[in-house]
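Welcome! Let's take a friendly look at two residues and their surroundings.

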Amino acid sequence: MALPILFYVLMTVSAAWSIDYGATLNGLRKDLVFLIIPFAFSCLPAYSSQQLQGVFRFYSFGFAAYAIFFIGVALVTFLSTGDNSAFFYHNLVTIERNAIYMSVFASFALFYFISLPQKQTIEKAALAILAVFVLLLSSKSVIFIDAVLVVVFYSFFSKVPKSVRYLTLISLLLFLAFSLVFVKNIRERFLLEYETAFVDNTLNTTIGNGQGKVYNISLHQAWNMDKFEQNHFFPGTALRIYQTRIFGEMLQEDAIFFKGYGLEASQSKIVAKANEHGLYNGYAEFNFHNQYVQTFAELGVFGFLLLLAMLFLNMRNAIKRADFLHIVFALSIIVLFLTESFFCRQRGLIFFTVLYCLFNTALPASKTNIEEK
């Protein structure tokens with residue numbers, strides 16, 4: 001539990017050189033979970049694998065109930081308005097809760113049920129509800145990670161006969177493919193990335209108020225264009241490419257390699273870059289959308305290395321214990337950090353820190369069995 005605590009110590013020290021002391025102070029209050037939760041776990045006896053499974057079972061059924069609630073609310077909205085967008089993305093859970101974060105939380109519950117060697121009817125129902133919920137939330141990165149993890153589970157961890165394993169895997173992948181092809185709202189989110197990634201200035205037909213055309217920015221433009229226009233739209237991948245690019249510019253212009261700007265103090269620099277490159281004002285409100293970049297920009301190379309150390313230790317322990325749910329958490333976080341500044345929201349902080357501590361302080365299954373004997 002030393003690494004998260006050291007991470008928080010570095011955050012605290014960064015207040016000494018922060019370019020925005022007020023933002024850093026607010027960040028320290030929010031990030032206090034890096035100190036409190038690991039310290040609390042260090043004072044508790046280690047969990048057995050059975051106790052851990054009990055915690056995850058309670059969480060997973062709870063989230064299945066949560067999914068039913070939001071799908072029910074969307075159904076009521078659809079029946080009253082006729083607008084089927086109520087079932088998809090941020091509209092399903094509200095932008096404040098954020099579809100990407102909800103997808104991450106729901107996916108962990110989903111894989112708890114997938115990993116059960118034997119499933120009762122209620123567990124199969126919960127699995128189906130969560131699978132539909134994750135698809136409706138339409139997070140491209142989470143759906144991609146989940147598809148990879150499904151293949152990993154049925155290739156290496158499932159104990160059912162090979163014929164049943166392959167049939168289940170094919171059925172799940174066909175369900176995913178069917179949803180991407182035939183569900184318009186999901187298909188359009190994926191097609192937007194595919195169609196705009198390598199072609200400059202494609203016309204965006206879904207955004208605009210009728211007074212002017214809006215053009216999509218390609219990956220090449222996001223990385224290379226010096227000046228943008230107010231009617232330029234950044235699809236998700238292009239925005240993240242642009243944010244990584246401006247981080248490189250900041251590294252060249254400011255002495256942040258070793259110290260960074262200070263915890264939560266990089267936003268003013270992002271705003272300045274948006275003005276410099278002529279972006280639409282709304283883009284200045286976005287953070288780096290990449291936890292690796294966010295950490296490097298704010299805490300310097302030492303914060304970046306501490307973050308990598310936490311992720312490496314987490315993945316090493318997951319593989320060493322051959323714990324599929326631990327692997328789900330470790331791999332999902334590694335990939336998700338490429339697309340989200342996960343620690344900028346407290347829900348992300350708590351989810352990461354609690355699961356990190358639960359998995360890395362729990363007794364291995366073999367040791368638990370020995371102690372029970």
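Leaving aside neighbours within four places in sequence, which residues is glutamine 230 in contact with? They are Gly278, Leu279, Tyr280 and Asn281, where contact means heavy atoms within 4.5 Å. This is a predicted model, in which local features need pLDDT of at least 70 and side-chain atom pairs count only at pLDDT 80 or more, while totals for chains, interfaces and linings use all residues. Residues are numbered from 1 along each chain as its sequence is written, and side-chain values use heavy atoms, with hydrogens and water left out.

**Glutamine 230**
- Glutamine 230 has a relative accessible area of 47%, so it counts as partly exposed (buried is under 20%, exposed over 50%, partly exposed in between, with a 1.4 Å probe and protein chains only).
- The side chain of glutamine 230 reaches the backbone oxygen of glycine 278 at 3.3 Å.
- A polar atom of that glutamine 230 side chain also lies 3.2 Å from the backbone oxygen of leucine 279.
- Between the C-alpha atoms of glutamine 230 and alanine 318, 88 residues apart along the chain, there are 46 Å.

**Aspartate 31**
- Aspartate 31 is buried because its relative accessibility is 2%.
- Not counting residues up to four places away in sequence, aspartate 31 touches Tyr8, Met11, Leu263, Glu264, Phe343 and Leu349.

**A charge and a ring**
- Arginine 347 lies over the face of tyrosine 101, 5.9 Å from the ring centre (the cut-offs are NZ of Lys or CZ of Arg within 6 Å of the ring centre and within 35 degrees of the ring normal).

Definitions and conventions. A polar contact is a pair of N or O atoms within 3.5 Å; within protein, one must be able to donate a hydrogen and the other to accept it, and residues adjacent in sequence count only if both atoms are side-chain atoms.
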